[in-house]
Amino acid sequence: MKTALTAASLTLAILASSPAHAWMQETHRQIVLDAVSYMKNNSGSTNYNKLVAGVTRAGYSMDQFAAALGQGAYDVDDFADTYICGATTGDCELAPVWGAGASIVKYTSYWHFQNHTSGKDVHGNPFGGYNYAKLGMAGDIDNMAAAWLYGDYLDDGAGGLKGWFGDNSKYNSYGVTEAHYRFGGVSSASQYADFETAPFQPIDNLGQYWFQQFLTQPTAQSLGFALHTTDLLQPHHTWATSAHNHSSWEQWVLDNYAAQNLNDPTLVTAALADFTPLAPTATDIRGLLTQGGTYSYANGGLVLSSTDAGDRTRVAKLMIPHSIAMVVTILNRAAERLGN
């Protein structure tokens with residue numbers, strides 16, 4: 001049974017909130033393009049020349065490569081890889097049924113958090129992902145989603161978890177998506193039997209999976225997917241909430257990106273000092289990603305409570321340069337792989 005909160009009231013509330021993708025998709029793209037531009041303009045202190053050599057050897061121009069990277073970072077929010085199924089009907093959906101296509105966040109976004117308000121998760125990750133039961137800063141949208149999805153479960157394929165009146169699996173999200181992001185941790189389908197206690201894997205595992213795919217068979221797309229992890233520099237994703245001005249902050253950053261010169265290269269240079277460079281042969285980027293998440297949690301919480309333009313500018317001039325710097329750090333390592 002659903003709670004007393006009606007579908008109509010929830011629909012209006014969610015629609016009014018607008019989507020919560022972490023950085024807006026165009027912001028993701030711009031961060032990547034700015035990182036490549038920064039490397040080009042600082043080729044003496046970055047691996048830009050190695051990157052160019054590898055890209056050229058593959059038959060592409062740097063403009064083509066940068067565009068493909070940016071598109072990959074953009075596309076992760078559109079993954080059709082996560083279905084949640086009704087506790088009663090067993091019907092499985094990619095996004096809330098009251099949504100109007102892209103205007104509502106897809107369930108894939110629940111893999112895009114690294115919860116610093118709680119400690120180690122049940123899978124063994126140092127920081128877990130989105131888990132409503134463990135949110136230290138749950139807000140209205142989190143609460144409404146948990147009420148509406150109460151008892152709903154992650155699609156684990158035909159013959160697995162079921163609704164009261166059916167098993168209408170559309171995609172084995174547990175056996176595919178969750179498995180990709182598991183990395184030997186402890187997981188079971190039963191952990192995802194109820195949305196309100198489901199321990200989604202953190203975004204650093206998403207990034208690690210796609211970076212491993214890149215190392216195995218380098219493509220701009222897989223590397224771009226890994227670069228979506230700049231979500232870790234969006235403070236709502238380390239304070240782990242879909243509420244508290246989440247969407248309006250993301251929209252403000254997109255709208256003010258150029259006007260406020262958020263990609264100031266001097267700020268990027270300073271931000272690089274906050275990241276430990278990856279070794280030329282590094283295969284695990286999760287430590288770097290956690291550094292980004294730790295930084296946003298420690299320095300970005302103000303935007304959860306304030307919509308003041310000055311406060312937002314101050315935080316954005318920390319988070320966007322650090323996002324760009326994190327991408328530069330990953331691309332410096334990626335250049336070593338493309339050079340082999």
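Helices here are DSSP runs of H or I with at least four residues, and strands are runs of E with at least two, both numbered from the N terminus. This is a predicted model, in which local features need pLDDT of at least 70, side-chain atom pairs count only at pLDDT 80 or more, and totals for chains, interfaces and linings use all residues. Residues are numbered from 1 along each chain as its sequence is written, and side-chain values use heavy atoms, with hydrogens and water left out.

I'll start with a loop. His244 sits between helix 8 (220-226) and helix 9. This residue is not a glycine, yet its phi is positive, about 55°. His244 counts as partly exposed because its relative accessibility is 28%; buried means under 20% relative accessible area, exposed over 50%, and partly exposed in between, with a 1.4 Å probe and protein chains only.

Asn245 is in the loop between helix 8 and helix 9 as well. Its phi is also positive, near 70°, and Asn245 is not a glycine either. With a relative accessible area of 27%, Asn245 is partly exposed.

Now the helix packing. Two packed helices are described by the angle between their axes and the distance between the axes. For helix 9 (residues 246-256) and helix 12 (residues 309-338), the axes come within 11 Å and cross at roughly 75°. Axes are lines fitted to C-alpha atoms, for helices over the stretch in contact, and angles run from 0 to 180 degrees between N-to-C directions. Helix 9 and helix 12 are therefore roughly perpendicular, the word for 65 to 115 degrees; under 35 is roughly parallel, over 145 roughly antiparallel, and the rest oblique.
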